[in-house]
Amino acid sequence: MRIPYVANPPEASSPAEADIIKRIQARRAPRPLQSLDLALLHSPPFADGWNSFMGAVRTKTSLAADLRELAICRVAVCNKAWYEWKHHAPLAVEAGVSEAGLEAIKAEGDLRGAQQPAALNDKQWAVLVYTDQMTRNVQVADETFAQLKDLFNDKEVVEITGTIAAYNCVSRFLVALDVGERNGTGPDDVTAH
């Protein structure tokens, strides 16, 4: 980590900060605060907004868990955000993404024009390619968007797009500050830090 983590448990300098810490702890429960939280809590108001936003992305959309976690994992691969990968690859498997599917998510390079692997269904593949293009290029090819739109309604397209955008934000924060000391480790190094 490029800056020190805040103390754990965090020390609040006001009742408002204490409330922020409680909200973050409640969202993480029953798990303890994570390295990401201990980095964000250098700015409690920022951490509070992050907690609220990411809580909505993670738990208040209509997306199937396999699609959400697949998108998050592809963002992690594209941005080399291995802390993010370490936390979300097991959630993808738990949501039904096979080990062969995880290997497809870890594929190097741009997926545009790539062959759909048998391990991913049409919806998973469309989300993976869309995630890849949004993350690598920001702009998405018309044919990629058309494929996504053929498989998902407008609400789902907004939620998929928002999830990808949100986790691009997360990955950039994680990598820039080396939260969890994961930079340079890769997706196959799952040792805890």
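Helix α8 passes helix α9 in a right-handed crossing; a crossing is right-handed if the near helix is turned clockwise from the far one by less than a right angle, and left-handed if anticlockwise. The structure is a predicted model, in which local features need pLDDT of at least 70, side-chain atom pairs count only at pLDDT 80 or more, and totals for chains, interfaces and linings use all residues. Residues are numbered from 1 along each chain as its sequence is written, and side-chain values use heavy atoms, with hydrogens and water left out.

Helix α8 covers residues 142-151 and helix α9 covers residues 154-177. Helices are DSSP runs (H or I, at least four residues), numbered from the N terminus. The two pack at an angle of about 125°, and their axes are 8 Å apart. Axes here are lines fitted to C-alpha atoms over the stretch in contact, and angles run from 0 to 180 degrees between N-to-C directions. The helices α8 and α9 are therefore oblique to each other, a term for angles that are not under 35 degrees (roughly parallel), over 145 (roughly antiparallel) or 65 to 115 (roughly perpendicular).

On the α8 side, the contact is made by Phe145, Leu148, Lys149 and Leu151, and on the α9 side by Asp154, Glu156, Val157 and Ile160. Contact means heavy atoms within 4.5 Å. By class, five of these residues are nonpolar, none is polar and three are charged.

**Salt bridges**

The model has nine salt bridges, each defined as a side-chain nitrogen of Lys or Arg within 4 Å of a carboxyl oxygen of Asp or Glu.

| Residue | Partner | N to O distance |
|---|---|---|
| Glu69 | Arg68 | 3.1 Å |
| Glu103 | Lys106 | 3.0 Å |
| Arg136 | Asp132 | 2.8 Å |

Burial is described by relative accessible area (buried under 20%, exposed over 50%, partly exposed in between; 1.4 Å probe, protein chains only). Glu69 and Arg68 are both buried.

Arg136 and Asp132 both belong to helix α7 (residues 122-137), where they lie four residues apart, about one turn of the helix. Arg136 is partly exposed, with a relative accessibility of 35%, while Asp132 is buried, with a relative accessible area of 0%. Elsewhere, salt bridges that share partners join Arg58, Arg68 and Glu69 into one network.

Methods
Nonpolar A, V, L, I, M, F, W, Y, C, P; charged D, E, K, R; others polar.
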